[in-house]
Amino acid sequence: MIANESPKPGSFWDALQALNPTIAWKREFSGYTMQRFMQDALAGVTVGIVALPLALAFGVTSGAGAAAGLFTAIVAGLIGSLFGGSRYQISGPTGAMTVVLLPIIAQFGLEKVFVAGLMAGVMLILMGLLRLGRFVQFIPWPVITGFTNGIALIIFLQQIPAFLGVKAAKAEGIIPVTLETIRVYLEQPQFWTIILTVLTAAIMILWTRVNKRIPGSIIALIVVTVISLILNLEIPRIGAIPTMLPAPVLPSFSLKDITNLFNPALSIALLAGIE
């Protein structure tokens with residue numbers, strides 16, 4: 001190739017350029033002003049406040065724990081902001097993924113979730129390089145509607161143990177967990193967790209009539225937590241959260257793990273790609 005000749009479209013050089021985040025950074029910060037910084041800072045604080053209770057809740061719901069949900073939101077948010085492909089992209093926890101992670105944790109344990117996540121990441125990269133995203137256009141809208149509503153129902157059922165104040169049973173399916181939860185609750189019923197849950201939902205729904213700038217989720221989080229502390233209620237709590245991020249450690253795995261986790265990893269990759 002001649003020194004002054006520009007690379008042809010579709011070349012390997014173009015692929016490297018597409019993976020280079022500095023191009024997007026230069027475009028984003030061109031003519032950047034203090035006013036734009038204040039707007040971005042306010043937006044970041046707002047999103048962080050909204051994502052905090054979601055991250056804690058989804059961590060608990062998936063079975064990985066509140067700390068795992070919080071750490072994941074922090075790390076994913078940083079990586080997404082540095083390498084995201086959209087100027088206005090916001091990375092945050094997703095309830096749909098808890099549907100996939102719950103049976104994986106129940107069957108293989110928490111450590112294997114990290115292996116499945118790494119495998120899913122490799123699969124997503126391969127899907128992108130092979131341009132498989134073009135096939136999304138052939139998915140019927142009723143499938144997407146059913147997919148979304150099905151996930152909503154599963155997430156609703158996943159909240160029943162916390163709603164009733166009962167520790168969730170270990171099972172691969174959500175229906176056995178729900179039935180066991182109801183059975184345990186009926187043996188020793190109590191109503192405070194139900195009252196606090198309904199109050200939290202009511203505050204989040206009605207708060208927009210009071211103030212639209214401050215997220216209702218953080219108001220509900222503060223108000224209901226204070227009420228539970230003042231009344232000294234004996235209800236399940238998240239507990240202590242580590243004050244520092246854990247050091248990254250590559251999970252141990254074997255060829256057998258890769259074989260056993262192929263289908264779960266594929267489910268994670270497909271869900272992430274479709275979302």
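I started with contact range: of the contacts in the chain between residues at least 6 apart in sequence, 69% join residues at least 24 apart. Contact here means heavy atoms within 4.5 Å.

I noted the basis next. This is a predicted model, in which local features need pLDDT of at least 70, side-chain atom pairs count only at pLDDT 80 or more, and totals for chains, interfaces and linings use all residues. Residues are numbered from 1 along each chain as its sequence is written, and side-chain values use heavy atoms, with hydrogens and water left out.

**Entry: overall make-up**

I looked up the secondary structure and found 13 helices and 0 strands. Helices (H or I, at least four residues) and strands (E, at least two) are DSSP runs, numbered from the N terminus. Read from the N terminus, the elements run α-α-α-α-α-α-α-α-α-α-α-α-α.

I then checked burial. Of the 275 residues of the chain, 24% count as buried. I use buried for under 20% relative accessible area, exposed for over 50%, and partly exposed for in between (1.4 Å probe, protein chains only).

The accessible surface of the chain is about 19200 Å². Carbon and sulfur atoms hold 70% of that surface. Accessible areas come from the Shrake-Rupley method with a 1.4 Å probe; for residues, only the protein chains shown count as cover.

**Entry: H3 against H5**

I took helix H3 (residues 34–62) and helix H5 (residues 95–108) as a pair. Their axes come within 8 Å and cross at roughly 30°. That makes H3 roughly parallel to H5. From H3, the contact uses Phe 58, Thr 61 and Ser 62. From H5, it uses Gly 95, Thr 98, Leu 101, Leu 102 and Ile 105.

For the record, axes are lines fitted to C-alpha atoms, for helices over the stretch in contact, and angles run from 0 to 180 degrees between N-to-C directions. Angles under 35 degrees count as roughly parallel, over 145 as roughly antiparallel, 65 to 115 as roughly perpendicular and the rest as oblique.

**Entry: Ile 151**

I picked Ile 151 in helix H7 (residues 141–158). Ile 151 is buried, at 12% relative accessible area. Leaving out residues up to four places away in sequence, I find Ile 151 touching Ala 96, Val 99 and Leu 271. I also checked Val 100: it is 51 residues from Ile 151 in sequence, and the C-alpha to C-alpha distance is 9.7 Å.

**Entry: salt bridges**

I searched the whole structure and got 3 salt bridges. The criterion is a side-chain nitrogen of Lys or Arg within 4 Å of a carboxyl oxygen of Asp or Glu. Side chains of opposite charge can pair when their charged atoms come close.

I went to Lys 112 and Asp 257, whose side chains meet in a salt bridge (2.9 Å, N to O). Lys 112 lies in helix H6 (residues 110–129) and Asp 257 in helix H12, so the pair ties together parts 145 residues apart in sequence. H12 covers residues 255–260. Are Lys 112 and Asp 257 buried or exposed? Both are buried. For Asp 257, I read a relative accessible area of 15%. Beyond its neighbours within four places in sequence, Asp 257 is in contact with Lys 112 and Ser 252.

I moved on to helix H9 (residues 174–187), where Glu 180 and Arg 183 are 3 residues apart, about one helical turn. Their side chains meet in a salt bridge (2.5 Å, N to O). Arg 183 also forms a salt bridge with Glu 187, with the closest N and O atoms 2.6 Å apart. Glu 187 and Arg 183 are 4 residues apart in H9, again about one turn of the helix.

I compared cover across the network. Glu 180 is partly exposed at 29% relative accessibility. Arg 183 is partly exposed at 41%. Glu 187 is exposed at 58%.

**Entry: nonpolar patch**

I closed with the surface. Trp 25, Phe 29, Ile 74, Val 75, Leu 78, Ile 79, Leu 82, Phe 83 and Leu 245 make a nonpolar patch of about 850 Å². Patches are made of residues with over 30% relative accessible area and no salt bridge: like charges are joined within 9 Å, nonpolar side chains (Val, Leu, Ile, Met, Phe, Trp, Tyr) within 5 Å.

Which helix gives the largest share of the patch? Helix H4 (residues 66–83) does, with 6 residues. Leu 82 is found in H4. I read Leu 82 as partly exposed, at 43% relative accessibility.
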